[in-house]
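Here are my notes on helix packing and salt bridges, as numbered points. Please read them alongside the model.

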Amino acid sequence: MIPDLGMGTAPIGNLYRAVSEAEARATLDAAWDAGIRYYDTAPHYGFGLAERRLGAMLAERDPADEAAVSTKVGRLLIPTAARGERHGFVDADPFEPVFDYGRDAVLRSFAGSCARLRRDRIDLLLAHDLGRATHGADHGRHLRAFLDGGYRAMCDLREAGAIGAIGIGVNEVAICDELLDHVALDMILLAGRYTLLDRSAERLLARCAELGVQVIVGGPYNSGILARDLGGPLHFDYTAPSADIVGRAQRLSDACVAFDVALPAAALQFPLRHPAVVSVIPGLVGPDQVADSMTRRSAPLPHALWPALDAALKDASMLQDDARLILLHPDDNVLICVRPIDAGDILPVSGGTIPAREGISIGHKIARAPLRAGNKIIKYGAPIGSMTADAATGDWIHMHNMKSDYISSHTRTALEQGA
């Protein structure tokens, strides 16, 4: 079981600044002493540095393996002579991270993480940074490598008892939906997309709740803008925020002031109100940040605060509307159901509206326009399968009238049968 408050370890991997061994260890000791028993890390964080530092602390203070630990696969660490700041990490270990989601790479990465963490078993293993926003034109290649090899390797490790659960650790919503269409996941670690300021994962979380997929929320402060008062330099998703983002954050801050509540406390507690969310993991460095996190997590917040915060964003695009269908890419010929649809409901489709012919559950597809047998089904701007029967506008596109050319060997049924 994952505790509801954990510690992200990217900062003690020297993210953006060098952190001494003494400061890193003081942070980890403070977290342990405060009762934090979940730690999220990755080979990418300081190219092994964060894992090494976490492993050294746990070897001394947690010989019974009481703490839950998650780490990630998807990058191999290759020795390098390069020094200085690389990929945002300063004076990190002498390795270069190289993306590889194949079976052998996942097994090698896992073995390396176990050695650095000084553990024979990892509670949660996550495929790190899949997605089009990260990989651009290489997205399809990396996704195929994962589906064809890395995912099966993770399942094998889980079945062997070497890991407790599998999932993905990402920053974008689209790849979560894409993978949930293809394979079964135990957990999703999603950073920055379900916060007070950015609610863009709201529909995904509803889908996860329906599927029984647990969600861990990283980046609850959106890389800093919600972590303190709004004076001084601000960051939103690791860059300077736009005036619009600052305005939204100010409205949230004003709402908190009206209830005599600290904005960071509301930001930390907000994700945990969703039934799909099991944990929130701010990145921490320094005993003071650990102490602040414990104070914020335990701060009593009035129930009336939450609707006031919603109202502060009622005109903001980052607060989800009541739509039941979304278009993921302008070239798609299907729409995705994000709220349950009943037979007879009026649905917006190309050229107007139609009544739904049958009930449709969250995550499923309907035809955006008439489709004929043999037509490719386009989702995320790319073919995911083809029609086996004609479908009218608004018809449910499901296994009864489609075949999956791309993912036929990766369906939940096939995986459960050992395909």
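1. Asp244 and Arg248 both lie in helix 8 (residues 243–258), four residues apart, or about one turn of the helix. Helices here are DSSP runs of H or I with at least four residues, strands are runs of E with at least two, and both are numbered from the N terminus. The two side chains form a salt bridge with an N to O distance of 2.9 Å; the term requires a side-chain nitrogen of Lys or Arg within 4 Å of a carboxyl oxygen of Asp or Glu. Asp244 is partly exposed at 43% relative accessible area, whereas Arg248 is buried at 7%. Buried means under 20%, exposed over 50%, and partly exposed in between, with a 1.4 Å probe and protein chains only.

2. On provenance: this is a predicted model, in which local features need pLDDT of at least 70 and side-chain atom pairs count only at pLDDT 80 or more, while totals for chains, interfaces and linings use all residues. Residues are numbered from 1 along each chain as its sequence is written, and side-chain values use heavy atoms, with hydrogens and water left out.

3. The structure holds 29 salt bridges. One of them joins Arg17 to Glu23, with the closest N and O atoms 2.9 Å apart. Arg17 is partly exposed, at 37% relative accessible area, and Glu23 is also partly exposed, at 25%.

4. Which residue forms a salt bridge with Arg207? The partner is Asp177, at 2.8 Å from N to O. Asp177 belongs to helix 6 and Arg207 to helix 7, so the pair ties together parts that are 30 residues apart in sequence. Asp177 counts as buried at 13% relative accessibility, and Arg207 counts as buried at 8%.

5. Arg207 is one of the buried residues of helix 7 (residues 202–211), along with Arg203, Leu204, Leu205 and Cys208. These buried residues pack against helix 6 (173–182), strand 8 (187–191), strand 9 (214–218), strand 10 (277–281) and strand 11 (325–326). Helix 7 is followed by Gly212, which has a positive phi, near 80°.

6. Helix 5 (residues 139–159) packs on helix 6 at an angle of about 40°, with the axes 12 Å apart. Axes are lines fitted to C-alpha atoms, for helices over the stretch in contact, and angles run from 0 to 180 degrees between N-to-C directions. Helix 5 and helix 6 are therefore oblique to each other; under 35 degrees counts as roughly parallel, over 145 as roughly antiparallel, 65 to 115 as roughly perpendicular, and the rest as oblique. His139, Leu143, Phe146 and Leu147 of helix 5 meet Ile175, Glu178, Leu179 and His182 of helix 6, where contact means heavy atoms within 4.5 Å. By class, this contact has five nonpolar, two polar and one charged residues. Nonpolar covers Ala, Val, Leu, Ile, Met, Phe, Trp, Tyr, Cys and Pro; charged covers Asp, Glu, Lys and Arg; polar covers the others, Gly among them.

7. Helix 1 (residues 21–33) and helix 2 (residues 49–61) pack at about 50°, with their axes 10 Å apart. That angle makes helix 1 oblique to helix 2. Residues making the contact include Leu28 and Trp32 of helix 1 and Leu54 and Met57 of helix 2. The contact divides into eight nonpolar, no polar and seven charged residues. Arg25, Asp29, Asp33, Glu60 and Arg61 are linked in a network of salt bridges.
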